[in-house]
Every structure is written in C-alpha cells, then in structure tokens.
Amino acid sequence: MTVSIARLSTEAGVSYLLKTTSHADVETRDLTSYYTGASNPPGQWLGAGLAGIGMTPRDTVTDAAAKALFERGEHPSTGAPLGRTPNQASTVTGANGQLVRRAAVAGFDLTFSVPKSVSVLWALGSDEYKDKVMAAHHAALEATLTWLESSAIHTRAGHGGVAHVGVHGSIAAAFDHWESRSGDPQLHTHVVIANKTQRVSDGVWTSLDSRTLYKATVAASQHYNGLLYDQLGRDLGTEAEVRTPTSAIHNYSFELSGVDDELIREFSSRSRLIDIEAVRLVKDWFDTHRREPSNAVKLKLRQQATLSTRTAKNHDVVPLNTRTRQWRERAQAKGFDPETVLAATINRSRTHPLTTADTDAVWITSTAGLVKDLVARRRATWNRWNLIAEAERVCLEIRCATATDRIRLMDALATSAEEQSVALNEFRYGVPATTSPDLVFNGRSVFDLASVHLFTDVSTLANEEAIMNAHTHDAGPHLEHTTVQDALQQFLSTRGEPLQGEQCRPPRPCWPAGGGWTPSSALPGPAKPPR
C-alpha cells in the first residue's frame, strides 16, 4: 500500500521527522539546491486550513512552529491556544493487562510512498528528471489531500458526536525523504495532519474525526497511485503495467514499463529481508499447527517480520548526489545502464488520457457491476470507501486527463456500484435543500455520512439464508446426544483439567428438532459488519 496512516502523540509529535530535515528557518529554496546538502529538505505546510494559523501552502515548517502546533496545540505566531489544550499523558490498562502510558493525539502521519519502479526512475535520473518525478509525486499527493478534505476530513458535534460537520480544510506539515532504512531509493513524504481544525459553521477550533480518515486510507492509497501515474504520463510520457508476483506472499504490482523486475529487486533489500523472515515464520507456524495459515495469519506474520527485521534509522543522512552516484553504480553492476533505463521508460506513451466525456452510462454500469462483484468476493458487507478503492484497482491501467476527471470517474463508479448493491441501512434524511455548513457535509445531511452506510449483495444474503436453513435440516450425518455428552465429560485440556459447570452442558437450543448434533449446528450466524 502506497499510503499508510499512523497516530502521533503530543510527546513524540513531529520531533523524529525534524531530526533528519534541514533546520535553517528560512524560506524553501529550489529542490535541486538540496541535492548536495547532508539532510532532507525542510518540511512544507500544506492544507486548506492554513489560513487559521497565518500560514500559506508551501511555507517552510520551522521547528518552533511545528512544536507549537503539534506538541502544545498553540497558534505558531501568537501562542494562543487552538481550542482545548491537549491533555496530559495518562496511564491506562492495555489489552494484555499491563499499564500503558498514553499521550494526547497530536496528529496523523499519512506517508505517501511512490511505487518502487518510480523510485528507481527518480534515483537513476538527472537532476532535471528528479525534479519532474518529485513534482508529479507532490501533485498527486496534494490532489489526494484535497480529495480527503472534501470527503473524509471533518469533525463531529452534538450529543454523542451525532453530526459530521465540515471544517476549513486540514493543517498539515509535509516532509520529503529520499531513501529507506537500508539506503535504497525510496521516495516518500510524511504528511502530518494536525489534530486541530476549524468548524465551518462557527470557526471554533476542534479535533478531527479520525475514524473516517482511517477508513478512507486504502481508498486514498489507490487514488494516489492513479493520480501519480496520470501525472507521470503527462509530464514524462511514461506507461505502467501489471507485474505478476514473484512469490505466493506478494500481490500483483503495478510498475513503470521499462524498469526491469531485477532492478526493482536490487533496490528492495529491505523487502527481501522481510520476505525471508516472513517465509520462516510461516513455516514455523505450519510446523506447530500442521496446517496452512490463513491469509489473516500470514498478514500478521508478515507484520511481525517487518518489525523484527527493522534496524535503527541512521540520522546521518548521506547527500543525495552521493547516493545517486552509488545507486547508478549498483544498477551498472547488475547490467543496467542508467541512461538505457531512462530511455526505455520515458516518452513511450501513446495513450490518449480519458476525460469524463469519454464514458457513457452503459460503460459505467457494467464496470461498476464488476467493481461490486470483486468487492463481494472478499467481503460480506462493504462501504463506499471499499467501492472507491476497488474502482481504482479495476481502472488501474486507465490514464485520466486531469485529477478532476479521475475523481468524477471513481465517484460515478462507486455510486453505480452502490445502486447495484443491497443497502443494509438506509439514509435517514434526503439530500438537503440548503447548503448551510452546519447542515451539509459532502453533499449529504451532517446526520447521514455517506461512508458509514453498509451494503451487501443478493448472493451473500442467499448464502446466509442457506446456512440458516441448514441448521434445521437433520437428515444428514449427526451425533446423538449421549455421544456429545460423553465426549464433553471425558475432555481434558492441555493441562489435564476437565471442563467445568456450563462448559459441560451441550448447546441444546442449537440442536435441530431431531435431537442430534449436525455439522451445521456449529456454524456461526450471519456475517456481521466489519469493525
């Protein structure tokens, strides 16, 4: 996933990001002037809500301003509190019963990472091409943030937070980083969105509703990918293609045509370490349980491998021009001439970008049907964010003329997919006739956030009905009551302890009318909405 999200506390704040950026509190210079500096460039302010703190987009983020906003919740210039002062850290009981220190939430770190082939193109290119790739990355990032501001970033008001009220945009600090912990090219930007924002209804400072932001992250990741490849196609004439995974633990990827898989693997040493450790953990799990782990278990094992192989971050940043020379030498050692790679990647597209006018209702309906069917294969219930993410995957190879064209296309597909789904909870209110900011958010009533509505389809409901009907069917293989009772009485745990009390009582209410225990008696009930 190219966009991830993490919560930042007021104690940590953005301090760890400021450690590896330039600390001169000056205006941002041209990008190429940082290539010889032994640090990443200083952060820049982003977001439509910057006017509230007296900043403008792309102003330089200074240490003092960042700490005032993220750590103390204050206006960077005046020192006035922005709403409630962040609470002091408290100690709470964690899930395992241990005491955990918890600080107030300062913001949310959305990390935008370009696909590896794009990092390789950027790493091997001249300063001119580096600027163009970086500009495309920034354009896609900012368009994604603008999209999130209109559809996901809001606050809550009223009793129990019943109303989802719009805000004057986000306040974010963006920090560009060049490389991974292992020194490979990995162009990525940390966009730290402050947990401070102003309600559009009255201008009062309040906190974000982070639940919607978390739900939207996967869709934002897919949307950013589409926007990035659109921009690279316009600026550099690149094309992209689907790559088959090299192992069972990887998914299909979408990479720039002209950048070879072997070159991508060469600059993915961190991923190789994670893969090796993940394979070992999966094998150990199989040896212990004598069965293949589920996809969910494999995901947890890979997350464990990611953490266990993580090395300490080196804060002694190597100048980018030195890194570029090293990366070019590594490519040549693998038999790839950097100039040949560049020539094979840029100025190759002959694709005409799609505009909104190029699609018709028939295409939208049929494509949305595919989107809905693909989501239904993986989920019993889904929301609009799931549909948007899947629509981006389906349209992976479609290049759009502008960011607006892409947003309109995805919205049209998601809306049509919703119409072809079965709604599990209806909208309580119609589309408001007023545009009053305290009554409307993203085209709906503030009491009816579109993304919280769940959907399913006819096949899922039919499968659930078949399962429930099978519960009363006693003509198949079954166990007699006495057999079940004897098995429960004789059962011993791994510590040699028998079942006690209610544990020994067979679940009679679940038995069918015939009095026996059938396989369907042990099946769970209908699918519950994901939490």
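At what angle do α12 and helix α14 (residues 403-419) pack, and how far apart are their axes? The two helices pack at an angle of about 70°, with their axes 8 Å apart; axes are lines fitted to C-alpha atoms, for helices over the stretch in contact, and angles run from 0 to 180 degrees between N-to-C directions. The structure is a predicted model, in which local features need pLDDT of at least 70 and side-chain atom pairs count only at pLDDT 80 or more, whereas totals for chains, interfaces and linings use all residues. Residues are numbered from 1 along each chain as its sequence is written, and side-chain values use heavy atoms, with hydrogens and water left out.

**View 1. Packing of α12 against α14.** α12 and α14 are roughly perpendicular to each other (65 to 115 degrees). Their crossing is right-handed (the near helix is turned clockwise from the far one by less than a right angle). On the α12 side, W363, I364, T365, T367, A368, V371 and K372 make the contact, and on the α14 side L409, A412, L413, S416 and A417 (contact: heavy atoms within 4.5 Å). By class, these residues comprise eight nonpolar, three polar and one charged (nonpolar: Ala, Val, Leu, Ile, Met, Phe, Trp, Tyr, Cys and Pro; charged: Asp, Glu, Lys and Arg; polar: the others, Gly among them).

**View 2. Packing of α12 against α13.** Helix α12 (residues 361-378) and helix α13 (residues 384-394) pack at an angle of about 115°, with their axes 9 Å apart. This makes α12 roughly perpendicular to α13, and α12 passes α13 in a right-handed crossing. T367, L370, V371, K372, L374, V375 and R378 of α12 meet N386, L387, E390, A391, R393 and V394 of α13. Seven nonpolar, two polar and four charged residues form this contact.

**View 3. Packing of α3 against α6.** Between helix α3 (residues 116-124) and helix α6 (residues 217-236) the angle is about 35°, and the axes lie 12 Å apart. α3 passes α6 in a left-handed crossing (anticlockwise). S117, V118 and L121 of α3 contact L228, Y229, L232 and L236 of α6. Six of the residues in this contact are nonpolar and one is polar, with no charged residue.

**View 4. The chain that holds these helices.** Its secondary structure comes to 16 helices and 17 strands (DSSP runs: H or I, at least four residues, for helices; E, at least two, for strands). Of the 531 residues in the chain, 45% are buried (under 20% relative accessible area, 1.4 Å probe, protein chains only).

Conventions
Angles under 35 degrees count as roughly parallel, over 145 as roughly antiparallel, 65 to 115 as roughly perpendicular and the rest as oblique. Buried means under 20% relative accessible area, exposed over 50%, partly exposed in between (1.4 Å probe, protein chains only).
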